[in-house]
Amino acid sequence: MSLFLFMLLVSILNPVVSHKSCDFPAVFNLGDSNSDTGGYASAFTTPTSPYGDTYFHMPARRFSDGRLIIDFIAEAFGLPFINAYLDSVGTNFSHGINFATAASTIRLPISVIPNGVFSPFYLGFQYSQFEQFKVRSQMIRKQGGLLAGLMPKEEYFSKALYTFDIGQNDLAEGFFPNLTIQEVNASIPDIINKFSENIKNIYNLGARFFWVHNTGPIGCLPYVLVAFASAEKDPAGCLKPYNEVAQYFNLKLQESIAQLRNEFPSAAFTYVDIYSVKYSLFAEPPKHGFELPLVTCCGYGGEYNYSASVLCGGTITVNGTEIFVGSCDNPPVRVVWDGIHFTEAANKFIFDQISTGSFSDPAVPLKQACQS
């Protein structure tokens, strides 16, 4: 029995309890590129076409061809898309704010842009930005005028849903300097401790409703498949030892969420098993309407249509001819967009599964995440 089917069976035997839907007036998000709606683009470089082409018909500062899971979360509550904190031009934060930036980690990374590859806006930095935003946004509201209406109301900070999707880059920071699997595993308890510290800090600023994604099957992504091609593969073609590291990370994350739940009984903490849903796309793609799950839609070269030397939207010269690295013909049936991130179609499938509560601990739907 596949893990995906097992989780569905568990949800049938332990059905989600029906409660009144929560009325979240805002969403505050912290994370990495899986939920970045413009932070990296504001601070560094903007993804170019064909990024954004499927839904927005133009680059939309997201690392996908369209919407991300965080966009579908906002839509589910009837809220506008959540703007990036770092986006300073004409930005409306009245119904939430997004502190996520691509390449972000939980811990302070060693290799930092511009001299390295990871974002300086690690989770502790994002918390600091949130802390400042809470104070300054209310100062602006008290001053009145046009800008006041662009800031969230004070009571929104205790009523909002706080979403988290971060951790993949902490694992990558270990893998790519060629640490052993054992060494990366040994770093995970400290990574999770840092995550818990930030959750506690955000709780102390008034947050009460937490929706926490675990990390996905990193060993199924082309940028890892290409870099560590000799590693053992599982039946889906993913790198087994690298996915096992992700699973260990998720185990420790789930344990930490349980501890936070015990420590702060007045808050609602929902742990979301996004790993199982994502892995099902690689293990059983036809069942879910997808094909070629390990092959990059927007990439160039090799078995996985991916090369770190030329990325989606770039150009490469082959035999004297310049070639634009563009999209595949049918993104709606593809899983991986650019070798690292998922397509809008995959993001929508993942959202549809996790929003039901079938992959959550406790088993509450997204719209009842204030009651867990």
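A residue is buried when its relative accessible area is under 20%. In this predicted model, Cys298 falls under that cut-off, because its relative accessibility is 0%. Cys312 is likewise buried, at 8%. These two cysteines form a disulfide, with their sulfur atoms 2.0 Å apart. The link of Cys298 and Cys312 is right-handed, with 90 degrees about the S-S bond. Both residues lie in the loop between α10 and β6, 14 residues apart.

A further disulfide joins Cys297 to Cys328, with an S to S distance of 2.0 Å. Its handedness is left, at -90 degrees about the S-S bond. The pair links distant parts of the chain, 31 residues apart. Cys297 sits in the loop between α10 (274–283) and β6 (315–318), and Cys328 in the loop between β7 (321–324) and α11 (344–354). Both cysteines are buried.

Cys22 and Cys370 are also joined, at 1.9 Å from S to S. This link is left-handed, with -90 degrees about the S-S bond. Cys22 lies in the loop between α1 (3–13) and β1 (27–31), whereas Cys370 lies in the segment after β8 (360–361), 348 residues apart. Cys22 counts as buried at 10% relative accessibility. Cys370 counts as partly exposed at 24%. The protein has four disulfides, in the pattern 1-8, 2-3, 4-7, 5-6.

Three cavities of 30 Å³ or more were found. Among the lining residues are Phe63, Asp165, Lys278 and His341.

How values were computed
Residues are numbered from 1 along each chain as its sequence is written. This is a predicted model: local features need pLDDT of at least 70, side-chain atom pairs count only at pLDDT 80 or more; totals for chains, interfaces and linings use all residues. Side-chain values use heavy atoms; hydrogens and water are left out. On a 1 Å grid over the protein atoms alone, a cavity is a set of points where a 1.4 Å probe fits but cannot get out, and a pocket is an open set with protein on both sides within 12 Å along at least five of seven lines; lining residues have an atom within 4 Å of a point. Grid points are joined across faces, edges and corners, and a volume is the space filled by probe spheres set on the points. A disulfide is a pair of cysteine sulfur atoms within 2.5 Å. Helices (H or I, at least four residues) and strands (E, at least two) are DSSP runs, numbered from the N terminus. Buried means under 20% relative accessible area, exposed over 50%, partly exposed in between (1.4 Å probe, protein chains only).
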